[in-house]
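Work through the two exercises below with the structure open beside you, and try each task before you read its solution.

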Amino acid sequence: MKILHVVGARPNFMKVAPVFRALADFERIQQTLVHTGQHYDYNMSEVFFQELGLPAPDCNLEVGSGSHAQQTSQIMARFESIVLTQKPDMVVVYGDVNSTVAAALVCAKLMVPVVHVEAGLRSFDRSMPEEINRILTDQLSDLLFTPSEDGNRNLSAEGINPDKVHLVGNVMIDTLIRMLPTAMKQLPADLPPEYALLTLHRPSNVDDPDWLQSCVEMLRQLSHDIPVLFPVHPRTRQRIAELDKSADVNHDFRLLDPVPYIQFLGLQSRAKVVITDSGGIQEETTYLGVPCLTVRENTERPITTTLGTNVLVGRDLRRIREEVVSILTGNARRGSIPPLWDGKAGERVAAVIAGASVPSPIESPSQVC
Ligand code: UD1
């Protein structure tokens with residue numbers, strides 16, 4: 001059986017790794033890894049392959065940055081010829097980035113079965129590009145793997161046949177569990193004893209200069225109480241460069257380049273609090289038991305707020321400050337680890353894929369990857 005995995009952006013890489021490893025145990029399965037090139041900087045892509053022990057991609061579509069339509073359509077056009085050449089029995093897509101929906105749409109039109117890992121998550125906020133990607137990818141998929149029960153409920157409400165849906169747990173947590181011991185050994189020597197860790201990259205937070213300016217001001221203020229470490233996504237870096245600079249020098253607000261996976265995991269595990277708008281970080285902090293404040297009005301990962309350590313603080317700057325003070329005075333929210341977030345999700349995915357029957361391969365002209 002030929003399985004083709006498609007990844008493109010940073011959060012895909014830690015999701016494919018456990019599935020790829022688990023499928024490697026099945027002799028009759030042949031795997032191909034396609035990188036769309038949505039993320040292309042060394043520290044947004046290649047370093048993750050090295051750290052996670054992933055093989056170099058068999059093929060890189062090198063689409064790079066662009067508008068949503070440009071990026072999605074370029075992935076589709078380039079990926080279609082790969083599918084026609086490789087004739088996979090199944091294509092596995094991950095998460096909710098533009099690469100995910102682009103690959104799923106190509107396969108659906110070519111009648112190649114699509115497998116979606118991390119299916120069913122919904123923020124119910126269609127202003128998020130990722131929500132559109134999630135809904136469409138799930139509709140196009142033939143096998144859907146959910147990380148939590150809410151995913152199954154959402155898919156059922158959208159009319160997706162429950163026979164196609166498998167609750168397997170969280171593949172991202174598989175990678176966390178595998179890499180955490182290494183991360184703890186490689187903690188930077190100059191870490192402050194206590195610190196807040198910050199990430200911001202969603203268009204809703206960084207594309208509005210007034211909001212970003214007030215947010216950064218508040219965080220600079222906060223850094224009088226606790227050092228703030230801020231690995232900056234390239235999208236955010238561009239926006240911050242356009243802001244007024246603070247004259248305040250009595251603070252400890254550290255802007256860093258994006259950090260590799262292992263280092264970021266170490267930083268999260270030791271943080272007093274994580275402030276973020278990322279999806280995956282809400283899950284990782286829940287697993288680690290680290291308080292997380294999510295600077296969004298909603299989340300597609302509600303289990304992190306009901307069972308985990310995550311608190312949605314919306315766009316309320318005073319609330320963020322109050323929550324941090326509350327955490328610093330020992331009143332952090334205590335959470336528990338959601339069911340099946342146990343390091344074995346990738347194995348569950350692989351077992352279902354290996355047992356699935358596949359239609360005969362498509363016929364097409366031969367092209368080279
Ligand atoms: C994408 C995903 C988002 C995910 C995030 C993780 C979509 C719709 N969004 O958002 O869900 O949480 O990845 O990082 O797919 N850039 C670089 N170097 C890179 C990649 C990007 O400089 O290697 C810059 C470019 O200026 C680019 C901008 O970052 O225009 C945004 O990149 P893009 O991939 O379009 O979206 P992300 O914001 O990274």
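A cavity is a set of points, on a 1 Å grid over the protein atoms alone, where a 1.4 Å probe fits but cannot get out; grid points are joined across faces, edges and corners, and a volume is the space filled by probe spheres set on the points. This is a predicted model, in which local features need pLDDT of at least 70 and side-chain atom pairs count only at pLDDT 80 or more, while totals for chains, interfaces and linings use all residues. Residues are numbered from 1 along each chain as its sequence is written, and side-chain values use heavy atoms, with hydrogens and water left out.

**Exercise 1.** Find what volume the largest cavity has and which residues line it.

Solution. Begin with the search of the whole structure, which finds 1 cavity of 30 Å³ or more. The volume of the largest cavity is about 40 Å³. Next, list the lining residues (those with an atom within 4 Å of a point): among them are Val117, Phe145, Pro147 and Asn170.

**Exercise 2.** Describe how domain 1 and domain 2 meet.

Solution. First take the bounds, which come from an automatic or database domain assignment: domain 1 covers 2-169 + 342-355, and domain 2 covers 180-328. Their C-alpha centres lie 27 Å apart. Then count contacts (heavy atoms within 4.5 Å), which join 21 residues of domain 1 to 17 residues of domain 2. Separately, inspect Glu130 and Arg202, whose side chains form a salt bridge at 2.8 Å, N to O.

Note on methods: On a 1 Å grid over the protein atoms alone, a cavity is a set of points where a 1.4 Å probe fits but cannot get out, and a pocket is an open set with protein on both sides within 12 Å along at least five of seven lines; lining residues have an atom within 4 Å of a point. A salt bridge is a side-chain nitrogen of Lys or Arg within 4 Å of a carboxyl oxygen of Asp or Glu.
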